[in-house]
Amino acid sequence: MSLKVAVLKPLSSGIAIGSGGPFGAEGPIIMTGGALGSLLGQYLRITGGERKTLLVAGAVAGMTAIFGTPIAAVMLAVELLLFELRPRSLLPVAVACIVAGFARSNVFGEGVLFPLQTSVVTPICLLSCLLAVSRAARSRGRFRTSLYKIEDAFGKLPIHWMWWPALGAIVIVSVDTCSRGRSASGMT
């Protein structure tokens, strides 16, 4: 990863999130940690495999430091990021998580970084969730059949496949506009 990408990618993600974009913080955090690991690997002049391991170690250290989830970070590395599951790649990743976990308490304190307030789950709430799951389970067959029919219809269109998302967006916006018009006229 180049220095330009390592600096500009987290910066642009931070601007997008800070301006209200629909993005989570985990992507830029993992990207920034991975970029730092990659840059360290380039500076140390090590092999490509070792550089990849440092990239993964930096990514999971960033996740551990911000979210305080070392086990989830290692699982993420094992599931998605590591190219091999051997001690030579897993051990540096685990050590990076341990160091980041201890450093987190010194930097952010012992408290929760993102506090979450929840309410008591009432029997009515639980019943409504069960009804929603039941209804979704019953309609999954119709949804799957409709999805396959729509995919087949798009395949028969005489336009290049590149335009399919734009056509789908036009249909969704049109249906949304029509339904909003109907609901507004029904209210008056």
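First I noted a term: a crossing is right-handed if the near helix is turned clockwise from the far one by less than a right angle, and left-handed if anticlockwise. The model I used is predicted.

I looked up α3, which covers residues 48-67. It has 20 residues and reaches 29 Å from its first C-alpha to its last. That is close to the 28 Å expected. Just after α3, I found Gly68 with a positive phi of about 70°.

Which residues of α3 are buried? I listed Thr53, Val56, Ala57, Gly58, Ala59, Val60, Ala61, Gly62, Met63 and Thr64. What covers them includes α2, α4 and α5.

Entry three, the packing. Two packed helices are described by the angle between their axes and the distance between the axes. For α3 and α5, I read an angle of about 30° and axes 8 Å apart. Angles under 35 degrees count as roughly parallel, so α3 is roughly parallel to α5. The crossing of α3 past α5 is right-handed.

Entry four, the contact. From α3, residues including Val56, Val60 and Phe67 take part. From α5, I picked out Pro92, Ala96 and Phe108, among others. By class, this contact of α3 with α5 has 13 nonpolar, four polar and two charged residues.

Ser89 sits in α5. Is Ser89 buried or exposed? It is buried, because its relative accessible area is 0% and buried means under 20%. Leaving aside neighbours within four places in sequence, Ser89 contacts Thr53, Leu82 and Glu84.

How values were computed
Residues are numbered from 1 along each chain as its sequence is written. This is a predicted model: local features need pLDDT of at least 70, side-chain atom pairs count only at pLDDT 80 or more; totals for chains, interfaces and linings use all residues. Side-chain values use heavy atoms; hydrogens and water are left out. Helices (H or I, at least four residues) and strands (E, at least two) are DSSP runs, numbered from the N terminus. The expected span of a helix is 1.5 Å times one less than its number of residues. Buried means under 20% relative accessible area, exposed over 50%, partly exposed in between (1.4 Å probe, protein chains only). Contact means heavy atoms within 4.5 Å. Axes are lines fitted to C-alpha atoms, for helices over the stretch in contact, and angles run from 0 to 180 degrees between N-to-C directions. Angles under 35 degrees count as roughly parallel, over 145 as roughly antiparallel, 65 to 115 as roughly perpendicular and the rest as oblique. Ala, Val, Leu, Ile, Met, Phe, Trp, Tyr, Cys and Pro count as nonpolar, Asp, Glu, Lys and Arg as charged, and the others, Gly among them, as polar.
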